Amino acid sequence: MALQLGPIVGEVTHSSAKIWFRADAEGTHTCHVFTDSTSPTEVPGSPWQAVVSQPTGHTATVQVALPNADQLYYYDIRGPGGSTILPGGRLSFKNTPAPGTPTSLTFAFVSCHKPFAYDAAKRFLMWDQMEAVFKDKNIRFLLMIGDQIYGDDCFKKVSRGEQPAVEGYREVYQQYWGHASVMKILGRYPTYMIWDDHEIRDGWGSQGGDSEEHTIFKAARQVYHEFQHGHNPMNFGPEAQHYAFGFGQVGFLVLDLRGHRDMSRNMDERPLLGTKQWEDITDWLTNRAQNYRVLFIVCSVPIVHAPPGAADVSPLMDHWSYMKIRPEQEALVRLLFKVMNESDNLRQIVVLGGNVHEGTVAEIRSYLQEHNKRRRIYQFTSSPIANEPVGAYSFFITFGKTVRIDGNDEIIGKILEEFPERNFGLVHVNYDSGADSYRVVFELYREGKSPYTFST
Ligand SMILES: [Fe+2]
């Protein structure tokens, strides 16, 4: 019995953690949790059983209970024979403070992990840099916000009948994640994931015939659940890929931009997010978001990027400003401003994006009277962590960097900064206990350049 891939620490709360791994054979494994790196004493309830079986591709997620909030824990995974399957022995991770606790937080976010597109000597360079920065900056968790794999070749082979779909996608995950530079991070820092197009195929959901009924899509979704979503929060039900979570007084709402995307639906049927996701997030933003002081909206594709004139040209159908999706872009932005302006507690909303193969800082400003309390939403984008960066975007030269959100120029998005190097983003949410206030600071670590800093 050996470890095939992992482990990955997924969702953590003040009282629990999800731990994922892939073994090389079936059997009941156990996950042991400790508060010390060497002591044999386990936390109450430990060990927990994890059944590894063929129908889930030998992957398993085990949810463990943790006795204290905001503490460092150590864990071990043992095979059916009782010996450890972790080659380096116990790993550690930290869980969250209790809900509602005022505290500072630093987390990281990345997207577009395609190391094989890059110069062999530098494929994992940004991952290695992350490891050093993570130790130094007390990073509490990582968000991987799309294109954690590139399944395009698999999709093509399956379409041609050359490969079984489910097993094909599993092999892609094994290939893309099976590197020490990646697993050193994912085994030690809680990691939250959301897919984007390449977990299925480039531009998924924007072309004719792309629907939830597509056979290869169903296989890609099954494997997405096995490798990624199984260790995410699932607070909107086991079928939903969108989710929400919190860290003290800081909230996160993670949108699923691919699972329901279908351009054959009418605009009133929400071709981007689908009606069920819209109901869920409207309810959550209206009734739950005010429990947080700062809220991050995580979108694999940034809400503000390609200007509408550029997006209506077919290769940019993936963007929020594409004509068929624009009503959802405007509806979401209006909803975010409404929630932030009507709440006394929730002071700031920030959007996080990936996908576009460059780093950006953008802002969305509302000039509407009803938004006079809080008029600005910032957006930070980090992409790519390993894929080729894009260089300069010609559509910004042709169409400018202004993204009109509504028809009357009362809500306007603008790209403020662009960074064409590979990168990862850090977000510091700094709590000032004297003033009882939060300040959000964005740091973009770029390949071969010094970090860029933006204070909100
Ligand atoms: Fe990508």
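## Basis and terms

Two strands are taken as paired if DSSP finds at least two bridges between them, while helices (H or I, at least four residues) and strands (E, at least two) are DSSP runs numbered from the N terminus. This is a predicted model, in which local features need pLDDT of at least 70 and side-chain atom pairs count only at pLDDT 80 or more, whereas totals for chains, interfaces and linings use all residues. Residues are numbered from 1 along each chain as its sequence is written.

Four strands form an open sheet in the order 4-3-6-7, with antiparallel pairing. Strand 4 (48-52) and strand 7 (91-94) stand at the edges with a single partner strand each, so one side of each is left without a neighbour in the sheet. Strand 3 (residues 27-34) runs antiparallel to strand 4 and is joined to it by five bridges; Thr30 has Gln49 of strand 4 as its bridge partner.

## Two domains

The domain assignment, whose bounds come from an automatic or database source, gives domain 1 (1-95) and domain 2 (98-455). Their C-alpha centres lie 28 Å apart. Contact (C-beta atoms, placed from the backbone, within 7 Å) links 20 residues of domain 1 with 22 residues of domain 2. On the side of domain 1 that touches domain 2, strand 1 (3-12) gives the most, with eight residues.

## Around Val298

Not counting residues up to four places away in sequence, Val298 touches Leu143, Ile145, Ile194, Phe252, Leu253, Val254, Leu255 and Leu352.

Note on methods:
Contact = placed C-beta atoms within 7 Å.
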